[in-house]
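Here is a friendly note to read beside the model on your screen.

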Amino acid sequence: MPSCATGQMTPGSACRALLVAILFSFVCLCPVSFADVLAPEQEEYLTVLLDEARERKLADSHVWHTLLHYEPRLLFPGVESLADDERFFNASNGKQEPFAELEATLRAFFDSGIEDEEHPQCRFIARYHWLREELHFDSSRLPEQKCDRFQEWFDAMAPERITLVFPASYMNNPASMYGHTFLRIDGAGQNERTRFLAYGASYSAFAGNDGGIAFALKGLFGGYFGTFALRPYYEQVKSYSDLESRDIWEYELSLSPEETRRAVKHLWELRDTKFVYYFFDENCAYHILSLLEFARPSLRLSDKYFWYAIPSDTVQGVARTPGLVDSIEYRPSLVTRLKHHFASFTDEELNLTKKLSNLSATVEDAEFLKLSEKNRAKVLEASAEYLNFLVLTGEYEESEGAEFARNLMLSRSSIPLGRQLGSIPTPAIRPEDGHAVARIGGGVGFERGRGVFSAFRYRPAYHDLLSPQQGYLPGAEISFGETEFRHYEEQNFE
């Protein structure tokens, strides 16, 4: 039976992962309601709380605006929440009115008539705990409700630390060409060997089966809704690292256990909330920053990304924030590992690896047996990894591939040597060390028949073949919105 100590899933831990995911999804179906009419003594205490909140200007505070995702309106005075789901608000005008939402939220906390439905103190638990800390609720006048569903979900996750995860670009999917970011919620007592048992919190759009022009236009102009989702980390590693061959970078943040718990409480509030999704600003990278900002209000990460927030750009912002990153880990993809191993193989070893993987050779063949014991071990290890790649790419059925891999590893275990394939070195240049995504340029030139011209160039994103390759996918070019203005002598601009 697999053991948790090896970082593999046990039946118990798999059930635990499923329980957290089910709870995260199931509670989305629970509506929120509260009484509009309070008892006189409740109304009196609500007035006291509102007076204090008004005096301290809590509705104008950075924390409240972060909790409700308020942003300054572009063409009109005031603010507006990025959330596009009426269930996220307690006031009918809460999307544009911070104080009205704060008042309606406090009023909802007094509701005592909810039985089967989720109480507002539990549905909006991050707001409840923050307002309780700020206003020092009198529990005899505002009783605290039991939040069994939240507590079960929270205890199963046991959040203690947060890691920002950055899977690199994936060129076969337009939605992933710019990379992706999500947060890994590390549980108490986990270590590097059991890290796969953590949970990943990500924000993504539901694009259905759209593709081509429809996908691009809807993504650019807000044609999709995005929501937060929670998945076991081992599933995400399998998806990004193995299926999509994306290297993964893990930035363990310096957030304390208490700050981590604050972020997770806010994640609970966001679990069923819809946001209009835009590829270049209100995307996975931007919304993930809001969780970090609520966890540690002194962070103003999103302020740096007004026009666009590209994942690699936000990783640079996080990594370059003094004191925010404790450590960085590199998790190479299966393809990266294979390329590294095969670079040191002879042609004979490469051919044998291919033959053993597709069963055109066996460990009894003279060609294999003439290798040294050390090289036989190396070829068998590489064959097992390559066979895994063939299964992932559909060359073999999973059940068929598992039987082949078992035979290879049985042969490998008969050789009394330690692992021969070395570890993958961490690249000297990390994603945060790469160049910034926007580029401004200028110059002069000469065009036959038109004469001398001066030029101004601007590219908002992202990377081209003439840019430094370090920190980006080698050999890949993605250029968006690149524009050049020229002025020829005695002619207008073009």
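**Notes on the predicted model**

1. Let us start inside. The largest cavity has a volume of about 60 Å³. A cavity here is a set of points, on a 1 Å grid over the protein atoms alone, where a 1.4 Å probe fits but cannot get out; lining residues have an atom within 4 Å of a point. Grid points are joined across faces, edges and corners, and the volume is the space filled by probe spheres set on the points. The structure holds two cavities of 30 Å³ or more.

2. Before going on, please note what kind of model this is. It is a predicted one: local features need pLDDT of at least 70, side-chain atom pairs count only at pLDDT 80 or more, and totals for chains, interfaces and linings use all residues. Residues are numbered from 1 along each chain as its sequence is written, and side-chain values use heavy atoms, with hydrogens and water left out.

3. Which residues line the largest cavity? They are Ala126, His129, Trp130, Glu133, Glu258, Arg262, Lys265 and Phe294. Helix 6 (125-135) and helix 10 (257-269) are the elements that give two or more residues to this lining, and helix 6 gives the most, with four. Helices (H or I, at least four residues) and strands (E, at least two) are DSSP runs, numbered from the N terminus. By class, the lining has three nonpolar, one polar and four charged residues. Nonpolar means Ala, Val, Leu, Ile, Met, Phe, Trp, Tyr, Cys and Pro; charged means Asp, Glu, Lys and Arg; the others, Gly among them, are polar.

4. Now for the overall picture. The protein chain has 17 helices and 14 strands. Of its 494 residues, 49% count as buried, where buried means under 20% relative accessible area, exposed over 50%, and partly exposed in between (1.4 Å probe, protein chains only).

5. How confident is the predictor? The chain averages a pLDDT of 83, and 87% of the residues score at least 70; pLDDT is the predictor's confidence in each residue, from 0 to 100. Among the elements, helix 1 (residues 11-26) has the lowest mean pLDDT (46) and helix 6 the highest (97). Over residues 1-19 the pLDDT is below 50, and this stretch has 30 contacts in the model beyond near neighbours in sequence. A contact means heavy atoms within 4.5 Å. Residues 25-35 also stay under 50. Where pLDDT is low, the predicted coordinates should not be read in detail.

6. Next, look at the nonpolar cores. Such a core is a set of buried Ala, Val, Leu, Ile, Met, Phe, Trp, Tyr and Cys residues joined through side-chain atoms within 4.5 Å. The largest has 72 residues, of which Trp64, Leu102, Leu106, Leu131 and Phe137 touch the most other members. Its largest share, seven residues, comes from helix 11 (residues 284-295). A second, separate core of 15 residues includes Ala361, Leu371, Val379 and Phe404. Leaving aside neighbours within four places in sequence, the contacts of Leu131 include Leu58, Thr105, Phe109 and His136.

7. Why is helix 12 (residues 311-319) described as largely enclosed by the rest of the structure? The reason is that eight of its nine residues are buried. The buried residues of helix 12 pack against strand 3 (159-167), strand 7 (248-253), helix 11, strand 9 (325-331) and strand 12 (461-463).

8. Most residues other than glycine have a negative phi. His69, however, has a positive phi of about 60°, and His136 has a positive phi of about 50°. His69 lies in the loop between helix 3 (62-68) and strand 1 (70-72), while His136 is in the loop between helix 6 and helix 7 (148-157). Are they buried or exposed? His69 is buried, with a relative accessible area of 5%, whereas His136 counts as exposed at 60%.

9. At 23% relative accessibility, Val325 counts as partly exposed. Val325 and Leu253 are 72 residues apart in sequence, yet 4.4 Å apart in space, C-alpha to C-alpha.

How values were computed
On a 1 Å grid over the protein atoms alone, a cavity is a set of points where a 1.4 Å probe fits but cannot get out, and a pocket is an open set with protein on both sides within 12 Å along at least five of seven lines; lining residues have an atom within 4 Å of a point.
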